[in-house]
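My notebook is open, and I am looking up a few residues one by one. Come along and check each entry against the picture.

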Amino acid sequence: MAKDVLCEVNNCTFWASGNRCSAEQIYVVSHTGETADNSRETDCKTFEPSHQLS
């Protein structure tokens, strides 16, 4: 299993310094069914918007 999960979505609750994901689990789904042909056909269901003020 990957030790480091990188994420550039800095408005996510799980975003951490160095573009790291601090979530305990990552849930990724395909929006075309059970398979995907490329990364554009997937979504991270772990994402939760943070409520930090910019």
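Entry one, the nonpolar patch. I looked for nonpolar surface in this predicted model and found a patch of about 220 Å², made by V5, I26 and V28. I then picked out I26, which sits in the loop between β2 (20-21) and β3 (28-30).

Entry two, E24. This residue also has its place in the loop between β2 and β3. Is E24 buried or exposed? I wrote down exposed, because its relative accessible area is 82%. I also checked E24 against E8: they are 16 residues apart along the chain, and their C-alpha atoms are separated by 17 Å.

I found N19 in the loop between β1 (15-16) and β2. Its phi is positive, about 55°, although N19 is not a glycine. I reminded myself that most residues other than glycine have a negative phi. N19 counts as partly exposed, because its relative accessibility is 29%.

I located S30 in strand β3. With a relative accessible area of 19%, S30 is buried, since the cut-off for buried is under 20%. What does the side chain of S30 reach at 3.3 Å? I found the backbone oxygen of G33 there. A polar atom of the S30 side chain also lies 2.7 Å from the backbone oxygen of T35. Leaving aside neighbours within four places in sequence, I listed T35, A36, E41 and T42 as the contacts of S30.

Definitions and conventions. Residues numbered from 1 in each chain as written. Predicted model: local features only at pLDDT ≥ 70, side-chain atom pairs only at ≥ 80, totals over all residues. Heavy atoms only, no water. Patch = residues over 30% accessible without salt bridge, like charges linked within 9 Å, V, L, I, M, F, W, Y side chains within 5 Å. Areas by Shrake-Rupley, 256 points an atom, 1.4 Å probe, with all protein chains shown as cover. Salt bridge = Lys/Arg side-chain N within 4 Å of Asp/Glu carboxyl O. Helix = DSSP H or I, 4+ residues; strand = E, 2+ residues; numbered from the N terminus. Buried < 20%, exposed > 50% of the residue type's maximum accessible area, 1.4 Å probe, protein only. Polar contact = N/O pair within 3.5 Å; in protein donor to acceptor, adjacent residues only side chain to side chain. Contact = heavy atoms within 4.5 Å.
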